[in-house]
Amino acid sequence: MSRSTPAPGEPSMQSVTPTFTPDDDRPGLTVVDPIENKQFPLETAAPVDLETAPAEGFSFPVDGATSFVTDRLALPYVVPVYARDAEGDLCFEGEHHANETLPAGEYLLELMAPVRLYVSVDAEVTVRSSDDRLTIEFDRPTRVRLGARSQHDVPAGTVRTTAEPAALAAAISTFGSALKTTAPDRAFPTLRGHPPRLVLDDTLEIPAEFDPPETGIRLVVPPDTGALYAAAPLAYYLGATVSVGDEPRLETDRGFTDPLGQGEHDLERSLERVLRHCFFLDCVVRTEGLYRTALYERRVVEERVDLDFAELYAMDPAARLEAYRSVPVETVEDLHPAWSLVTYVTPESRHARSLPFLANDLSIVRAAPTDSQSPAQSTPSTRAQTPFSADVDAFVRAVSDDASRERRLETGAFVSPPDADAFERAWLGEGVPVGANKLLDGAFENALAESPEPETIEITVACTDDAMAEELEGSLYGGRDELPFEVSVHRRPSVAELESLLAAEVDFFHYVGHVEDGAFVCDDGTLSPATLESVGVDAFLLNGCRSYDLGVDLIEAGGVGGIVTLSEVGNPDAVAIGRLIARLLNGGFTLRTALSVAQRTRLVGAQYVVVGDGSAAVTQSGGGIANRCHVTPVGDRYRVTIHVYHAQAGMGGLYIPYVDGVDHHFVAGGDLPPLELSRDELRRFLALEEIPVEVDGEFYWSSDPLLERAL
């Protein structure tokens, strides 16, 4: 992907128009979201002539549309399908093993693909699906209108604010203006827009279009930067206005008052509990809305609590909040999805500009603890903190003792963020976090500057030492039929060549080689990213010793996020780690989730960390939502626990395992209830997409022949 040049202080915020391209090697077309690097092919019975169509008339917002004549659409894998009639009423929903014929009429079919698709047609429609393929057939060749909506959201504009608490509260109050609905459907990630950017200035300036929605909900927190930061995600999700006061509370214009905790810790936990509780109940109640999906969590809630879901769905936001708060949290807390991210933030006012991005991710925000720092000299030790088997003194990916490794650390320290009840942790502030994503304010805005360059996923692999070339063997990236990749491998590039590779507009850069004194090592010299004016690389893996500084420099020059090292890495283990992370990224895991899964293999410890925006991804998941599973043989059957990540889908996505007998969805996030499968059922499930599989403590891929022996 390429970048346009924004005005000083203002990143470009690209409008996104999906592209529709006829396929050369088979009848059909491919829909491309050029910003998110998501693509979805549709096969037709015969080649089609595409004509530009208006984006209006789909009942849902679309970013672009095309039309063509066909009697059949085939999808490369099964996705949920919702059909609505001419009146907008839901008349069919299906996924795996569907076989439904709708009588002749006007229909709008919604395909929950990586790029959201809408098919408008006037015909008899038949939907059929198997384990791994879905077809939509019409009784005759008919003109189809196909609309597409990107799931990429950008801020619609900018709010300027001072660092004064009352002004900052007013600025945070604008976040709810981005919600596309204040109904429970806001729990769907695609129905939450991105809050406006925040810029620190001398005055408070709020454009009229960012006035808070009229929800009748107000959040009062102390006039403290940390409290305001912690309140931002809840204020966004509830569409609440924020003000400062001595008595923290949540209140409505109906006279309802809900006291919040006193003191920093208690207030943060109160805000977090309200957000988790309201979000979860929205996930349940939204089944009365646009998508009347059979939901596992609803079935369980109905057994525990007497609630009128239809009445709750129809309530105004303030009344619904009161009703939610009357449900004891402990009655449903065990059903809450595992949260995606907890971010620890130091109270500097400059971090206000990151709040819209944290709120957009629904990250829990907590004040960074003041007792988490340790001296910079305590660099995480390869031997002490990881179970590496190699003797790192034998061959590490550094060519000197790197005495200047404190270059960036001399004014800071290593920090140890507390454990958190979430998939991932992040740190926004001074210091180098061990075991957490080091967020950088500029990384979020660099992502806004991306501009489309569609069609292929471009990956550059550079190896500066032949002794490390084992990491490049085989196909690290690509190999997915539904996605085109362009992978270029460069062995022993010169300094000038490496500089050119970093300047090129590519989606991912994988470096294999030595690092010395904060620079890449080539045969003819070294290259420090700090000397580069700009880079075209979006995301990266710098698999060399102590590459942290290089990663920060790449982001400061325009990158978005990457995986780096804090200490020496032994070459044999670095090879294994690099290949594993590459395969995870190739399968749709984000930087953070890829590293998280890699850490479960016990191959990688505290010396690898994510810098910048850890939610960056190279490509989409093969099944829509990244997941892994744990398999335990039980007699002649298998107990299968599927662990579902939010990853690219965002908080509020749905997941259903394509297994016989499972007729309901789950709210994505965490472990699903275990499944008991036969050997054939397990084989069919694992054949649907390539995912990580753990058996008896050993790590496999679902396509790995060794897995068959382990089972």
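Predicted model: local features only at pLDDT ≥ 70, side-chain atom pairs only at ≥ 80, totals over all residues.

Residues are numbered from 1 along each chain as its sequence is written, and side-chain values use heavy atoms, with hydrogens and water left out.

**Stop 1**

Start with Asp696, which is exposed at a relative accessible area of 59%. You'll find Asp696 in the loop between strand E41 (692-695) and strand E42 (698-701); helices (H or I, at least four residues) and strands (E, at least two) are DSSP runs, numbered from the N terminus. Check the backbone there: Asp696 is not a glycine, yet its phi is positive, about 50°.

Now jump to Ser59, in the loop between strand E5 (51-52) and strand E6 (64-75). Ser59 isn't a glycine either, and has a positive phi of about 70°. Its relative accessibility is 71%, so Ser59 counts as exposed.

**Stop 2: a charged patch**

Select Glu87, Asp89, Glu106 and Asp122 together: they gather in a surface patch of negative charge. Patches take residues with over 30% relative accessible area and no salt bridge, joining like charges within 9 Å and nonpolar side chains (Val, Leu, Ile, Met, Phe, Trp, Tyr) within 5 Å. Asp and Glu count as negative, Lys and Arg as positive, and His and the chain ends are not counted. Each charge is placed at NZ of Lys, CZ of Arg, CG of Asp or CD of Glu, and accessible areas come from the Shrake-Rupley method with a 1.4 Å probe, where for residues only the protein chains shown count as cover.

**Stop 3: salt bridges**

How many salt bridges does the structure hold? There are 39, each one a side-chain nitrogen of Lys or Arg within 4 Å of a carboxyl oxygen of Asp or Glu.

Pick Asp23 and Arg26, whose closest N and O atoms are 3.0 Å apart in a salt bridge. Asp23 is buried at 18% relative accessibility, whereas Arg26 is partly exposed at 26%.

Next, select Arg133 and Glu43, a salt bridge with its closest N and O atoms 3.3 Å apart. This pair links distant parts of the chain, 90 residues apart: Arg133 sits in the loop between strand E10 (116-129) and strand E11 (134-149), and Glu43 in strand E4 (residues 38-44). Arg133 is partly exposed at 31%, and so is Glu43 at 24%.

Then try Arg592 and Glu424, bridged with closest N and O atoms 2.9 Å apart. Arg592 belongs to helix H13 (residues 591-600) and Glu424 to strand E22 (residues 422-428), so this pair ties together parts 168 residues apart in sequence. Both Arg592 and Glu424 are buried.

For a network of salt bridges, select Glu272, Arg276, Arg366 and Asp421, which are linked in one.

**Stop 4: helix H12**

Finish by selecting residues 571-586, which form helix H12. Twelve of the 16 residues of H12 are buried, so the helix is largely enclosed by the rest of the structure. Among those buried are Val575, Ile577, Leu580 and Leu584.

Technical notes. Buried < 20%, exposed > 50% of the residue type's maximum accessible area, 1.4 Å probe, protein only. Expected span 1.5 Å × (residues − 1).
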